Amino acid sequence: MMRAAADCGHAAVDLQPPGDCGARAVAGFRVALGSRSIVMTNDLEYENVVMEFRGRGATVRALDTFNFHVAESEFVVVVGPSGCGKSTLLHMTAGLMHPTAGRVMLGGSIITDPGPDKAIVFQNFSLFPWKSVRSNIDFGLRINGMPPAERNELIDRYIKLIGLDGFENHYPRQLSGGMQQRVAIARSFVMRPRVLLMDEPFAALDAQNRQLMQEELVRIWSAQRPTVMFITHSVEEAVFLADRIVVISRRPGRVKKVLDVTAVAGASHWRMDPFEDVIRRPDFQELRAEIWGLVKSEIQLRS
Ligand SMILES: Nc1ncnc2c1ncn2[C@@H]1O[C@H](COP(=O)(O)OP(=O)(O)OP(=O)(O)O)[C@@H](O)[C@H]1O
Ligand SMILES: [Mg+2]
C-alpha cells in the first residue's frame with residue numbers, strides 16, 4: 001500500500017487510510033497517536049472569510065463574507081470574473097496567506113501553514129527547470145524523508161500513470177507544455193495530498209492538450225479522490241469536471257450561486273465519458289449556458 005505523504009516526515013504519526021479503501025481511497029485518514037486514534041476528514045470550510053490587501057493609502061477587499069463548504073473527496077470548480085478573489089481563495093486554502101477575518105478550515109482545523117497535505121498546481125507549470133522529470137516528482141518525497149527504494153517505486157508508478165515513460169531523465173525545457181503540466185500533476189498526486197488546489201492549470205495549453213489533460217486528471221483523481229478546488233475561466237471545463245460549481249460575484253468576491261452538476265449529470269458523471277461526446281448533450285449545454293449567464297452578468301456589472 002502506498003504511504004500517505006504526511007506520514008513520511010513524522011515518524012510518531014502513523015497515517016493510514018480507513019478500512020474501506022474502495023472508491024474513497026484516501027477519504028479521511030485514521031491517525032494513531034499512541035493508544036488514541038482519530039479520523040481526520042478532508043473537508044474544507046470557509047466561514048465568513050474576508051480578505052483585504054492593504055497598500056499605501058488604498059485597501060483592496062478581495063473577498064467579503066465568503067461562506068462555503070467543500071465535502072471530503074468532492075471536486076469543486078470555482079468560476080468568476082477576473083479579480084474576484086479566486087486565486088486569493090486558493091492561496092488561503094494552501095496556507096500561503098491568512099484571511100483578514102473569518103476562518104478557513106481543513107478537517108475542522110484552521111489552516112495555518114503550507115504543507116504537503118495541501119498540494120497546489122499553477123497555470124505556469126512551475127517545475128524546477130534544473131531538475132529532471134524524475135527529480136521534480138521526487139522533490140517532495142525526498143524532503144519528507146521517504147526511503148529511496150520506496151520513492152523510486154512510487155515515481156516509476158506515477159511516470160507510467162502520466163504516460164511519460166522514456167522521458168524520466170528529460171528536463172522541463174525538453175518537454176511540451178502538456179507534458180510539463182502532467183509532471184506538475186504527478187508531483188502533486190505522488191504526495192497523496194488531502195486537498196488538491198488547482199489555479200487555472202490548463203489555461204496555457206492548446207485546446208487539444210487541454211482536453212486530454214482534463215480526461216487524464218479525472219483518471220488520476222478517481223484513483224485517489226483528494227478533495228479538489230479547481231479554478232478555471234472555461235465554463236465547459238467547469239461543467240465537465242465538477243461535482244459542484246461555485247460562481248463568485250465580482251470583487252469583493254462572495255458566493256453568487258452554487259450549482260450541483262452531479263444532480264444534473266447523474267450517477268455516471270459526464271467526466272467519465274470523452275469530452276467531445278458530452279459537450280454535445282443538451283443538458284450539458286443548458287447548464288453551461290446558465291453558468292456563463294451568471295459569470296457574464298458579473299463582468300457586465302463591473303463595467
Ligand atoms: N498580494 C496581493 N497584494 C495586493 N493585492 C492583491 C494581492 N493578491 C491579489 N490582490 C488583489 O485582490 C483582488 C483579487 O485577486 P485574485 O488574484 O484573487 O483574483 P482572481 O479572481 O484570481 O483573478 P484572475 O481571474 O484574473 O486570476 C484583485 O483586485 C487583486 O489586485
Ligand atoms: Mg487568479
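Trainee: What makes strand 5 and helix 1 part of the story around ligand 1?
Mentor: Strand 5 (59-70) and helix 1 (86-93) each supply at least two residues of its shell, and helix 1 gives the largest share, three residues. Helices (H or I, at least four residues) and strands (E, at least two) are DSSP runs, numbered from the N terminus. Bear in mind that this is a predicted model: local features need pLDDT of at least 70, side-chain atom pairs count only at pLDDT 80 or more, and totals for chains, interfaces and linings use all residues. Residues are numbered from 1 along each chain as its sequence is written, with chains lettered from A and ligands numbered from 1 in the order in which they are written.

Trainee: Which residues surround ligand 1?
Mentor: Among them are Phe53, Val60, Lys86 and Arg251; a residue counts as near if its C-beta atom, placed from the backbone, lies within 6 Å.

Trainee: Why are helix 4 and helix 5 called roughly parallel?
Mentor: Helix 4 (residues 177-189) and helix 5 (residues 207-224) pack at about 15 degrees, with axes 11 Å apart. Angles run from 0 to 180 degrees between N-to-C directions. Under 35 degrees counts as roughly parallel, so these two helices are roughly parallel to each other.

Trainee: How do you know that strand 12 and strand 13 pair?
Mentor: Pairing takes at least two DSSP bridges between two strands. Strand 12 (residues 244-248) and strand 13 have five, in the antiparallel sense, so they pair by that definition. One bridge joins Arg244 to Asp260 in strand 13.

Methods:
Parallel < 35°, antiparallel > 145°, perpendicular 65-115°, else oblique.
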